[in-house]
Amino acid sequence: MSRALTRIQLYADGIVEGMDDFMQILKNWALCSVAFILAPSPALAANSCGPKVAITDNMNVPRFMDGPQISAEDIRADFEGWLVQMHALHPDMSLRTDRKRFDRTVALIRNAIDRPMSQREVWLLFARLNPMLLDGHNSIAMPDRAKLMQTHLDAGGRIFPIKVHLGQDGRLRVGETGTGAQRGEEILAINGRPVAKVVEAILALAPGDTLSFRREYVARRFAALYWMQFGDTGNYVIKLRRNEGCVHTQGISGATKLAVSDQAQIPASYQYSSKILDGDIGYLRVASFDGEYKTEFALFAQQAFTQLKARGVRALIIDVRDNGGGDDPLWQENLMEYITNTPYAHVGQYKVRVNKDNADPGDIIGEVQDKVYQRRFVTTSNNPLRLNAPVFVLAGRFTYSSAIQFLVAAQDFGIAKIAGPETGAFSCQTGQIKLMDMPNTGLRAFTPVIAFVRPSGKGCNRGVIPDIVIDDDALDPERAINILAEKIRPTLG
C-alpha cells in the first residue's frame, strides 16, 4: 500500500485527525479570526442573549508543547515493541478486542509512520488503538499529563476554560460556571469548529470499556485532551445554546490555572466527605481507592463511621460515581470492615498470564492459566463501629477498576444494593497492570496480565446492572443522591 493511499485511508478512518498541524493551524486561525471580525465590537464577542465578555488578548495561533522530533525509525521501533509486549503480557486479547479491526488499524498506523514526529504527534497516531482495546487498563497515554499542562501554563500558556459534561446523547454542556457561560448551556462550536467534530476526534483516542465510559473520560479530561489535539489559542470563541433555545457566541479567555481534578496531587479532602441526610441516612463520598491515600482514607473512614454509629443512622449511601479505582485493600479494610460480617470475594475465577512478578514455583513464564478463585475475605468479628443498617452504593458511568470490584463483591454477596445507571465499565474487570517500555517516544503504555470473572460469573459483557435504576445527571450530582434517599426512607419504617 502506498504512503499516500495509506494516509487517505487513515483520514477516512479518523486515524490521523489533528496530525497535519500546519494546515490545522491555518484553518483554526482563519476560523477564529472570522469569528472576531464578525463580532459587533473588536473588543467584544457577539452575544445576543447573555452578558458581554471582554476579550483581553488577540486570538493567537494554536500553541502546542511539542518537543524534539523523533525519527520514523525510532517511532516504528516503539510501535512494534509495544505490540510485542502487549501480546506477551495480556492473558487473552480476544476477550474484548475485535482482532480484524485491530490488525487492520495496526497495518494503517505502520504505513503512516513515514516522517519524524513530536511525541504528541506520535500519541495522536498510536492512541487510535485505545478505543479498539475496550479496556481502560490496556491503552497508551501521554506521560505526566498534569505536569505537561502545568509546564504549559507556567510558560504563559492557557487551556480551555470551561469544565464540561458530555451526555449520553453526545451533547457537550457547560459544567462549572465562572467564565460567563451558564451552567447547562450546550456548547455548539469552539473556535469555529463544530463540537460534534471536536468530540468525535477526541473520542477516537479515548481508552475505556464502553462508549459510555469513554464519554465520561473525555468530559473529565476535556481541557487536556482538547489542548493536546487542537492546541491553545489563548482566547476561545465559543458558540452556545441556552435551554430556551437562545444561541449566542462568547469570547472567553483561556484558564491560567489547573482545576483541582486536573492536578497531579489532588488533596484527600477533595476525594472524601461525609454528611447526614434527612431521615438519618448517612452519606459517604469516596472518590478514590488510590494507594497514595491509604493513610488519609483509613483516618477518614474511622472518623466517619464513628460519627455514623454515634448518630445511629438507619441507612448508608456510599457514593463511588467519581471513583476511578486504585487498590482493593482500601475498600476491603475501610468500607467492608464497617458494613458487613459476611465472608465475600470480588472474583469468581480468572485468567492470568504468568510473568516473573506473579509466578509460583513450577510455573512457566508466558503461559496462560485459568483458575478458580477460592479465597473469601472475612471482616473482624467484633468491630464496634460496624453498622447494622442497609447499605446502598451509588455508582456511575465513570466508576472503574477497583471500584467495580467493590460493587460486584457487594452485589454478588448481598452486602449492599447498587444504585445509579449501568456502569460504563464492564462488571468483569482486568488487573495487575504492567507498564510497557517505550524508550524512544517516552509514551506511557500499559496492559493487564489478569482478566477477572465476577463472583456470580454472569454479565461480563455488560456494566454492573444496578438494583435501583437512577439516571445520574452530571450537571446536578445532588439529584441522584436525593432520589436514592427518597427511595430509601419509606423502607426504613
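Predicted model: local features only at pLDDT ≥ 70, side-chain atom pairs only at ≥ 80, totals over all residues.
Where is R386 found, between which strands?

**Close-up 1. R386 sits in a loop between two strands.**
The loop in question runs between strand 12 (368-372) and strand 13 (391-394). Is R386 buried or exposed? Its relative accessibility is 10%, so R386 counts as buried, given that the cut-off for buried is under 20%. Look along the side chain of R386 and you'll find that it reaches the backbone oxygen of T380 at 2.6 Å.

**Close-up 2. R386 and the residues it touches.**
Set aside the neighbours within four places in sequence, and R386 is in contact with K309, with E337, Y338, I339, T340 and N341, and with T379, T380 and S381. T380 is also the residue whose backbone oxygen the R386 side chain reaches.

**Close-up 3. F79 and W82 make an aromatic pair in helix 3.**
How many aromatic pairs does a search of the whole structure find? The count is 23. In the pair F79 and W82, the ring centres are 6.1 Å apart and the planes meet at 65°, so this one is edge-to-face; planes over 60 degrees apart get that label. Helix 3 covers residues 72-89, and because F79 and W82 are three residues apart in it, about one helical turn separates them. F79 counts as buried, at 0% relative accessibility, and W82 counts as buried at 0% too.

**Close-up 4. F213 and Y217 make a tilted pair.**
Here the ring centres of F213 and Y217 are 6.4 Å apart, with the planes at 35°, so the pair is tilted. Both residues belong to helix 9 (residues 211-220), and being four residues apart there puts about one helical turn between F213 and Y217. F213 is buried, with a relative accessible area of 5%. Y217 is buried as well, its relative accessible area being 17%.

**Close-up 5. Nine names, one aromatic cluster.**
Which residues form this cluster? Pick out the tyrosines Y272, Y293 and Y344, then the phenylalanines F289, F297, F300, F377 and F406, and finally the tryptophan W331.

**Close-up 6. Two arginines lie over ring faces.**
R120 lies over the face of F64, and the distance to the ring centre is 3.7 Å.

Terms used. Residues numbered from 1 in each chain as written. Heavy atoms only, no water. Buried < 20%, exposed > 50% of the residue type's maximum accessible area, 1.4 Å probe, protein only. Polar contact = N/O pair within 3.5 Å; in protein donor to acceptor, adjacent residues only side chain to side chain. Contact = heavy atoms within 4.5 Å. Phe/Tyr/Trp six-rings, centres within 6.5 Å; stacked < 30°, edge-to-face > 60°. Lys NZ or Arg CZ within 6 Å of the ring centre and 35° of its normal.
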